[in-house]
Amino acid sequence: MQDQQVFRITLTAPLINKAFNIAYLVYGEGKAIAVHHIIEDEEDIDNYPAQLIIPEEGGDLQWFLDEPAASELSHKSA
């Protein structure tokens, strides 16, 4: 096996927030509680840094959830 270099790019929340389109793709029952905390609870960025993602003016944030991932949300929309 050959040694391969791996390069990593880190995107910070301020940089992500400058994006025109931001999407979360979440599936599975194991993510339902976290999704609930991120979307519906008070800010707790230490435990849920996804709450830092708030697009700047003109940007759009979309959540794509399957039913199990959305199962703990009190407000459901299609």
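What radius of gyration does the protein have, and what would a compact globule of 78 residues have? The protein has 15 Å, whereas such a globule would have a radius of gyration near 12 Å. The radius is taken over C-alpha atoms, and the globule rule is 2.2 Å times the number of residues to the power 0.38.

The model is predicted: local features need pLDDT of at least 70, side-chain atom pairs count only at pLDDT 80 or more, and totals for chains, interfaces and linings use all residues. Residues are numbered from 1 along each chain as its sequence is written, and side-chain values use heavy atoms, with hydrogens and water left out.

The C-alpha trace spans about 50 × 35 × 25 Å along its principal axes. Buried residues (under 20% relative accessible area; exposed is over 50%, partly exposed in between; 1.4 Å probe, protein chains only) make up 21% of the 78 residues. Of the contacts (heavy atoms within 4.5 Å) with a separation of 6 or more, 77% come from residues 24 or more positions apart.

The protein holds three helices and two strands. Both kinds of element are DSSP runs, numbered from the N terminus: helices are H or I with at least four residues, strands are E with at least two. From the N terminus on, the order is α-β-α-β-α.

Strands S1 (21–26) and S2 (60–65) pair in the parallel sense over six bridges. Pairing requires at least two DSSP bridges between two strands. Alanine 23 stands opposite glutamine 62 in S2. S1, H2 and S2 form a right-handed β-α-β unit. Right-handed here means that, with the strands pointing away from the viewer, the path from the first strand over the helix to the second runs clockwise.

Helix H2 covers residues 32–40, with Ala32, Val35, His36 and Ile38 buried. The buried residues of H2 pack against S1, S2 and helix H3 (67–70).

One aromatic pair is counted. Rings of Phe, Tyr and Trp (its six-membered ring) pair if their centres lie within 6.5 Å; planes under 30 degrees apart count as stacked, over 60 as edge-to-face and the rest as tilted. The rings of tyrosine 24 and tryptophan 63 have centres 4.2 Å apart and planes at 20°, so the pair is stacked. Tyrosine 24 lies in S1 and tryptophan 63 in S2, 39 residues apart. Tyrosine 24 is buried at 19% relative accessibility; tryptophan 63 is partly exposed at 25%.

Asparagine 17 sits in the loop between helix H1 (13–16) and S1. Asparagine 17 is buried, with a relative accessible area of 10%.
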